[in-house]
Amino acid sequence: MLIVIAIVGLPTGCARSVKTIEHARAAYTAGDLQTADQTLTAFAEKRSRSSDTAALDLAIVELTSGDIDSAEARLRKMRDKFDQLPKLSIVGEAASVVTDDRARMYRPAGYEEVMVRAMLSVCSLAGDAIDAESYSLQAAKKQSELQQAAADRGIPSADQLYQPIALAPYLRGVLREATHHDFDDAENAYRLVSAAAPHFAPAAEDIARASGGAHSSAGHGVLYVIACVGRGPVLRETVAQTTSTALSIASAVLNAETNETDGPDGKRVNGPVLPNIASVKVPEVHIPPSPIAAIGIRTGGQLLGATQTLTDVGDLAIRQVEAEMPWTIARAVVRRTTKEATVAKVGDSLGLDGTAGTLFHFAAASAWAGSEKADTRCWGLLPREIQVFRAELPAGDHEVAMQSLGYTGQAIGPPVQLSVPIVDGRNTYRVVIAPAETIFVAR
């Protein structure tokens, strides 16, 4: 019994970590980038189970602050680190965990792996734009790999749950069009945008312009505003009911773990019996409320328009986390089963049987299971949406005002004024970030 009590009493070391990261995220949303940077930097440098999520958040703070090179370098490092993680069974490692999923090595969700590459392309556009197309292609490839992996595992409607993100082909179209000769490639890319994001109305104009082989009118250039709008998805704990699919996955994993399918006489041997588990704690996607809907753009006192949603990051996260939920539940069931088996073995070793054994098993297993928490580690400073706006302007310097807009189109934050040089026949990019009312211009 002392063994079980000791295990139940093991500190997870997460309460302080979560509080620290949440403090930094709140500071970021309030516009206090210095506090967010200092807090996340200190935490990212620690060797802890949440240092990777702190590093991802820190990259967003660096981009928002205009430190583009640091943000891009940090995201490249995280991308490469995640790519080098050993390939493990999605639930096979659960049996070796005596606490909960927070004890596992942090592994980014599929949407986070896609967004590492998408945000790298945004960083590149805020800088020299040299690698923006390459990063966008990496994002598209990663999403395609996730879709194929989901289909291989039998996830229903994998092509819809893991459909291509529109940002990737859009940036390819923009960059191909800027060459003034790859208009066919640009048109094909814009058609992919239209298929992936049918709500994105500007795609029709983009297709028509590319098919006509004209980047812009003579004496004009193009301003592209890439906007990271709102607070994006975070994870919070909820209770999920076990499902037949999750229990089937858990049973298959436990049979494989114990290797008890055939006895010495060649007869089939029953695998571990799953305990009666009605519900488990799991993470769910939550989109923090944000008053901002879009960014309005003016020049010369005239409203040019507002950014429009190209990729809904929140929806991407919700669809993919829900698609993975049977495996998340199964991992919790496997862990619970392993814990109950451990309790039973301890009870046997102590010679407890009958009523005493039953009471011991119930009390110890309940306490151990009750100590579990869902793993809510995540990249918490992603935008809710990535939006874009295109404006064709005469060559020369322009004073451009940008202002956050609410859901009824009203201005809700102070305008930001910036001078934008427009070059004949060229693209000019401005990356703006607005987690709330305040707008930050990365470049």
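Reader: Is R377 buried or exposed?
Author: This is a predicted model, and the value is computed from it. Buried means under 20% relative accessible area. R377 has a relative accessibility of 11%, so R377 counts as buried.

Reader: Which residue does R377 meet in a salt bridge?
Author: The side chain of R377 has a partner at 2.9 Å, N to O.

Reader: Where do K142 and E145 lie?
Author: K142 and E145 form a salt bridge, with the closest N and O atoms 3.4 Å apart. K142 counts as buried at 12% relative accessibility, whereas E145 is partly exposed at 38%. The two are 3 residues apart, about one turn of the helix, and both lie in helix α7 (residues 132-152).

Reader: Which strands hold R236 and E284?
Author: R236 and E284 form a salt bridge, the closest N and O atoms being 3.2 Å apart. The pair ties together parts that are 48 residues apart in sequence, because R236 and E284 lie in separate strands, β2 (residues 234-241) and β3 (residues 279-286).

Reader: What is the relative accessible area of R236?
Author: Partly exposed is the class between buried, under 20%, and exposed, over 50%. E284 counts as partly exposed at 28%. R236 is also partly exposed, and its relative accessible area is 42%.

Reader: How many salt bridges are there in the whole structure?
Author: Some residues are linked in a network of salt bridges, namely E133, R172, R176, D182 and D185. A search of the whole structure gives a total of 22.

Reader: Which residues does M115 touch?
Author: M115 is one of the residues with the most contacts inside the largest core. Leaving out residues up to four places away in sequence, M115 touches V313, L316, W379, L382 and I386.

Reader: What share of the 443 residues is buried?
Author: The protein has 14 helices and 11 strands. Its accessible surface comes to about 19,800 Å², 53% of it belonging to carbon and sulfur atoms. Of the 443 residues, the buried share is 51%.

Technical notes
Residues numbered from 1 in each chain as written. Predicted model: local features only at pLDDT ≥ 70, side-chain atom pairs only at ≥ 80, totals over all residues. Heavy atoms only, no water. Helix = DSSP H or I, 4+ residues; strand = E, 2+ residues; numbered from the N terminus. Buried < 20%, exposed > 50% of the residue type's maximum accessible area, 1.4 Å probe, protein only. Areas by Shrake-Rupley, 256 points an atom, 1.4 Å probe, with all protein chains shown as cover. Core = buried A, V, L, I, M, F, W, Y, C linked by side-chain atoms within 4.5 Å. Contact = heavy atoms within 4.5 Å. Salt bridge = Lys/Arg side-chain N within 4 Å of Asp/Glu carboxyl O.
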